[in-house]
Amino acid sequence: MKFHFYEIIIDRKYIYRVLNAANKINIRNIINKDNKTSFYVDYTDIDETLNILKENNIHILKISEKGIYTKLVDKLIFKVAIIFAFVFISGLILCSRYIWEISVEGNYSYTTNKLKTFVYSQNIREGLAKNKINCEDLEKKIRRKYNDISWVCAEIKGTNLIIHIKENYITEISKKETKPYHIAANKDAEIVSILVRSGVPGVKVGDKVKKGTILINGLVDVFDESEQKLFTKPCNSDGEVIGKTKYEYKDELKIDYKRKEYKKGYSYYLPSISGYKWVKTGNTKNKNIAYKEIKLKGFGNYYLPICIQKYSVKPYTSLKCKYTEKEAAKILKKRLYNKLLIMEQKGYKILEKNVKIVKERDSYTCSGEIICLEPLGEVSYILEEDIQKINMEKESINDETKGQ
């Protein structure tokens, strides 16, 4: 009763009539004063109490709502909290109609920033409505832009656009292609092996091909029992082609460089909406400003347009230095190792690496040739003219059949 109850004041002479009629109602704190009687009833019994008073023609001198609940409701801060909660929930519902995060999974040779930059170039970015994003179209554009990304899947979970990619040894042509196509060489190579699952092989082991050469033809001839050609039909080529390729490798390191001696740094935090940057990052006036964004989210993949930005500032002084031959060799070999490691992670088999480090006038150069085995193949759509010719052949064959 302390949480929410009512105080009722009536004429003193009616109190016994109320007590007799309200035997099922919990009446508390009865006080007689100056020919008036006050008592408390719980908020759940107020309607029944008022009906009893009305049926017995008892006039109510005063009625007031009391308790902790009443005090909270009367407080301005409680009303503001209710309004804030309503606005916040409405905001969450509205924000759930847009994407506020773009993430990339499965990448190792392509950085997340590079792939997100390409996505931005397709007019897709944080704050865009979900119904304006065509995931299937985005998948095709990424595959066409990056030939060595063999599989792409874009999906929206919550307010997060997730792009899954696969960079591996097996060349996978997406089954989502709606037009018939050949598989063509995406670079110059020597054919080492070819496995055809659909289509007609256009090359054989040992052939040297140029970029654009048809490896697996998507036009298949159909023969009858006497091995006479009936017609040609287009299909989606499928298979695995492995080729020996050569890469011209070159990496340069300037002899003169500036070494930074960092001083004691500091950090500060700023709130932001939709990733807006308050401070220019990078190297500014002998200060290295690093930026980190912590996005707020409700649960799972439901990100919010609100984030906390951390800026770490490190002042420094620049000193002019020169690389020694030993230091330069160590750096260039590490870069070469990272390059080969990425290629191996993608499934390429390194056969030879004929590279050497040479000192030139103002730099050290690591250059040479890398020979490896790698998968070949990219989509090459069958020309509309060829498809029209095939359709005309079918029509003529059908006409001849009907005439017979």
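In this predicted model, Thr365 touches Lys250, Asp251, Glu252, Leu332, Lys356, Ile357, Val358 and Glu360, with residues up to four places away in sequence left out of the count. Thr365 belongs to strand β22, which spans residues 363-376. Its relative accessible area is 4%, so Thr365 is buried.

Cys372 lies in strand β22 as well. Its relative accessibility is 0%, and Cys372 therefore counts as buried. Beyond its neighbours within four places in sequence, Cys372 is in contact with Gly243, Lys244, Thr245, Tyr247, Met343, Tyr348, Lys349, Ile350 and Leu351. Glu252 is among the residues touched by Thr365. From Cys372, by contrast, Glu252 is 22 Å away, C-alpha to C-alpha, and 120 residues away in sequence.

Confidence was examined for the chain and for its elements. The mean pLDDT of the chain is 84. Of its residues, 92% reach 70 or more. Strand β11, residues 208-209, has the highest mean pLDDT among the elements, at 94. Strand β18, residues 282-283, has the lowest, at 62. Where pLDDT is low, predicted coordinates should not be read in detail.

Helix α2 covers residues 46-55. Its buried residues are Ile46, Thr49, Ile52 and Leu53. These residues span an arc of only 125° around the axis, so they lie on the same side of α2. An α-helix has 3.6 residues a turn, so residues three or four places apart point the same way. The buried residues of α2 pack against two strands given here with their limits, β1 (5-11) and β4 (60-66). They also pack against helix α1 (15-21) and strand β3. Asp47, Lys54 and Glu55 are exposed, on the face of α2 turned away from its buried side.

Thr44 sits in the loop between β3 (36-42) and α2. Its relative accessible area is 54%, so Thr44 is exposed. The side chain of Thr44 makes a polar contact with the side chain of Asp42, at 2.8 Å. Asn26 is 18 residues from Thr44 along the chain, and their C-alpha atoms are 10.0 Å apart. After α2 comes Asn57, which has a positive phi near 55°.

Most residues other than glycine have a negative phi. Asp34 is not a glycine, yet its phi is positive, about 55°. With 64% relative accessibility, Asp34 counts as exposed. Asn35 lies in the loop between β2 and β3 too. Its phi is near 60°, again positive in a residue other than glycine. Asn35 is exposed, with a relative accessible area of 57%.

Aromatic pairs were searched for throughout the structure, and 8 were found. One of them joins Phe5 and Tyr40 in a tilted arrangement. Their ring centres are 4.7 Å apart, with 45° between the planes. Phe5 lies in strand β1 and Tyr40 in strand β3, so the pair ties together parts 35 residues apart in sequence. Phe5 is buried, at a relative accessible area of 11%. The rings of Tyr98 and Trp100 are also tilted, because their planes meet at 45°, with centres 6.1 Å apart. Trp100 is buried, with a relative accessible area of 13%. Tyr98 counts as partly exposed, at 26% relative accessibility. A single aromatic cluster is formed by Tyr110, Phe118 and Tyr146.

Charged side chains also meet aromatic rings. The charged end of Arg125 sits over the ring of Tyr120, 4.5 Å from the ring centre. The charged end of Lys260 sits over the ring of Tyr316, at 4.7 Å from the ring centre.

Conventions:
Residues numbered from 1 in each chain as written. Predicted model: local features only at pLDDT ≥ 70, side-chain atom pairs only at ≥ 80, totals over all residues. Heavy atoms only, no water. Helix = DSSP H or I, 4+ residues; strand = E, 2+ residues; numbered from the N terminus. Buried < 20%, exposed > 50% of the residue type's maximum accessible area, 1.4 Å probe, protein only. Polar contact = N/O pair within 3.5 Å; in protein donor to acceptor, adjacent residues only side chain to side chain. Arc of directions from axis to C-beta. Contact = heavy atoms within 4.5 Å. pLDDT = per-residue confidence, 0-100. Phe/Tyr/Trp six-rings, centres within 6.5 Å; stacked < 30°, edge-to-face > 60°. Lys NZ or Arg CZ within 6 Å of the ring centre and 35° of its normal.
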